[in-house]
Amino acid sequence: MVRWPGAWAAVARAAQALPPRSRLRRALLRRNALSGWGAWVREDLDLCLVRFAPDWHYDAPPEWLIAGMAGVYRGHAGLREWSADLRESWEFLDHTPLEVVDAGDVVAFLCRIRLRARSSGIELDSHLGQVFWMERGLIVRERDFSDWDEALREVGIPVAAEGSGRQGPVTSAS
């Protein structure tokens, strides 16, 4: 993937052209997610970057920002900066996708994320909703949410009434 990013992009475009209910598309999406998050945890940013468009845009969740961090990151340089900013404060222990909602050009992942603060050693074990907008097979925009229902609303998936305790979508676009 890293040696031939153009070939990767062509395969990603072909997979994105498949219908969201396609078994092949779902298998490729699952494989790509596991590979991408594995690369992120290993700090293999070159392998991560092939999945992202050169004009990628990321709005960082305000609750994750510490003094000196940007609120918006753009492009491949921005992804590297976001990674450096996060890793300055946190050590990644695990980042595992648990559920996926494929709505065509927008994909939402419910993930389990485990982090350890570098200075205090305090561990965080939490769920994270990530929404990715795709164009031409590459990620062009990303938003992260600490609330899965909020991530689903961003994708346009209806959610159950407040206080239901439900963790997933009422209806699935996948």
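**View 1. Asp-125 and Arg-112 in a predicted model.** Asp-125 has a relative accessible area of 48% and is partly exposed (buried is under 20% relative accessible area, exposed over 50%, partly exposed in between, with a 1.4 Å probe and protein chains only). Its partner in a salt bridge is Arg-112, with 2.5 Å between the closest N and O atoms (a salt bridge is a side-chain nitrogen of Lys or Arg within 4 Å of a carboxyl oxygen of Asp or Glu). The two residues are 13 residues apart and link distant parts of the chain, Asp-125 lying in strand 5 and Arg-112 in strand 4 (residues 106-117). Helices (H or I, at least four residues) and strands (E, at least two) are DSSP runs, numbered from the N terminus. Arg-112 is partly exposed, with a relative accessible area of 30%.

The model is predicted: local features need pLDDT of at least 70, side-chain atom pairs count only at pLDDT 80 or more, and totals for chains, interfaces and linings use all residues. Residues are numbered from 1 along each chain as its sequence is written, and side-chain values use heavy atoms, with hydrogens and water left out.

**View 2. The salt bridge of Asp-102 and Arg-25.** The closest N and O atoms of Asp-102 and Arg-25 are 2.6 Å apart. This pair also joins distant parts of the chain: Asp-102 belongs to strand 3 (residues 90-102) and Arg-25 to helix 2, 77 residues apart. Asp-102 is buried at 2% relative accessibility, and Arg-25 is buried with a relative accessible area of 6%.

**View 3. A network of salt bridges around Arg-116.** Glu-91, Arg-116 and Glu-123 are linked in this network. Between Arg-116 and Glu-123 the N to O distance is 3.2 Å. Arg-116 is partly exposed, with a relative accessible area of 26%, and Glu-123 is partly exposed at 48% relative accessibility. The model has 10 salt bridges by the rule used here.

**View 4. Helix 1 and its buried face.** Helix 1 covers residues 5-17, which makes 13 residues, and reaches 18 Å from its first C-alpha to its last, close to the 18 Å expected (1.5 Å times one less than its number of residues). Trp-8, Ala-9, Ala-12, Ala-15 and Gln-16 are buried in helix 1. Down the axis of helix 1, these buried residues fall within an arc of 125°, so they line one face (the arc is that of the directions from the helix axis to the C-beta atoms). They pack against helix 2 (23-41), strand 5 (123-135) and strand 6 (138-145), where contact means heavy atoms within 4.5 Å. The face turned away from the buried side of helix 1 carries the exposed residues Gly-6 and Ala-17.
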